Amino acid sequence: IEQARPEITYLMTVIMWKLSTLSALLSLTNSEAFTPSNNRRSISVTSSVLKLTEAADDILKPKYEIESIPIRIGHGFDIHKMAPIGDAGQPVIIGGVVIPHKDQKWTDAEGKYVEKGGIYETQLGVVAHSDGDVIYHSVVDAIFGALTLPDIGQVFQDTDPRWKGCDSSKFMEHAYTVMSDYGYEIGNIDVTLILERPKVASFKPAMKENIVKLLGTTPGRVNIKARTHEQVDSVGELRSLSCHVVLTLSKK
């Protein structure tokens with residue numbers, strides 16, 4: 001029974017998170033729900049997200065000319081807090097994949113559960129306005145950056161209730177549309193995911209497949225690396241995870 005406890009905690013939180021997200025999605029006109037399957041979110045490129053971002057479209061269409069050069073390079077970065085899953089209210093989602101895991105040794109910096117700075121063994125979740133997918137957010141930021149457009153935080157603001165608990169594949173869909181509208185396609189993508197735990201090596205193929213599908217590219221153009229932070233700072237203490245993405249866009 002004790003060995004089953006982490007899995008039960010994880011499943012109960014995921015169920016609650018799904019119900020909460022479904023409720024939020026139902027409040028949006030013409031939005032689409034999503035369902036995890038084999039820990040992977042289903043992907044369907046739709047126009048629904050475009051209707052939700054009409055107010056942000058102006059900043060994605062600057063007054064200056066985005067010159068038609070052969071290759072553009074972009075860099076994206078994202079970081080999110082991790083916390084006990086009950087506090088986070090949602091699981092760890094990376095590259096569109098829900099990451100199940102055993103209880104982890106999280107550092108309680110504020111002393112909420114154990115002595116301040118002590119170790120608290122717990123299931124982890126990501127603290128974020130949307131689903132906190134650091135890979136997707138970094139990729140979107142890199143695409144916008146390569147096109148000399150504003151960052152993801154200006155387009156999908158964390159104060160906007162429409163993005164509360166939002167599936168970040170919607171952000172990827174919109175970035176793909178913007179990229180295509182400017183006449184570009186993915187040249188290649190190099191992802192560096194940085195987190196101490198949980199381990200994600202077995203989930204990298206699914207993450208890669210998701211990116212390939214969402215951005216209409218091929219496996220030979222997408223790479224995902226993952227490394228720890230050598231127990232240094234908040235990432236090393238399991239209080240956060242981060243991601244860097246470098247990519248190129250090629251003129252069609």
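Of the 252 residues of the protein, 49% count as buried. The model is a predicted one. Its accessible surface comes to about 12400 Å², and carbon and sulfur atoms hold 53% of that area. The secondary structure consists of 8 helices and 11 strands. Among the contacts with a separation of 6 or more, 79% are between residues 24 or more positions apart.

An open sheet is formed by 5 strands, arranged in the order 8-3-11-9-10 with mixed pairing. Strand 8 (124-127) and strand 10 (222-227) are the edge strands, each of them pairing on one side only. From one strand to the next, the twist averages 25°. Within this sheet, strand 3 and strand 11 (residues 240-251) are joined by 11 bridges in the antiparallel sense. F77 has H244, in strand 11, as its bridge partner.

Helix 4 (residues 134-146) lies across strand 3, strand 9 (184-194), strand 10 and strand 11, and its direction is at about 150° to strand 3. Helix 7 (residues 204-214) touches strand 9 and strand 10, making an angle of about 145° with the direction of strand 10.

Strand 3 spans residues 71-84 and includes I71. This residue counts as exposed because its relative accessibility is 53%, the cut-off for exposed residues being over 50%. Together with I73 and V246, I71 makes a nonpolar surface patch of about 300 Å².

Notes. Residues numbered from 1 in each chain as written. Predicted model: local features only at pLDDT ≥ 70, side-chain atom pairs only at ≥ 80, totals over all residues. Heavy atoms only, no water. Patch = residues over 30% accessible without salt bridge, like charges linked within 9 Å, V, L, I, M, F, W, Y side chains within 5 Å. Areas by Shrake-Rupley, 256 points an atom, 1.4 Å probe, with all protein chains shown as cover. Salt bridge = Lys/Arg side-chain N within 4 Å of Asp/Glu carboxyl O. Helix = DSSP H or I, 4+ residues; strand = E, 2+ residues; numbered from the N terminus. Buried < 20%, exposed > 50% of the residue type's maximum accessible area, 1.4 Å probe, protein only. Contact = heavy atoms within 4.5 Å. Pairing = 2+ DSSP bridges. Axes fitted to C-alpha atoms, helices over the stretch in contact; angles between N-to-C directions.
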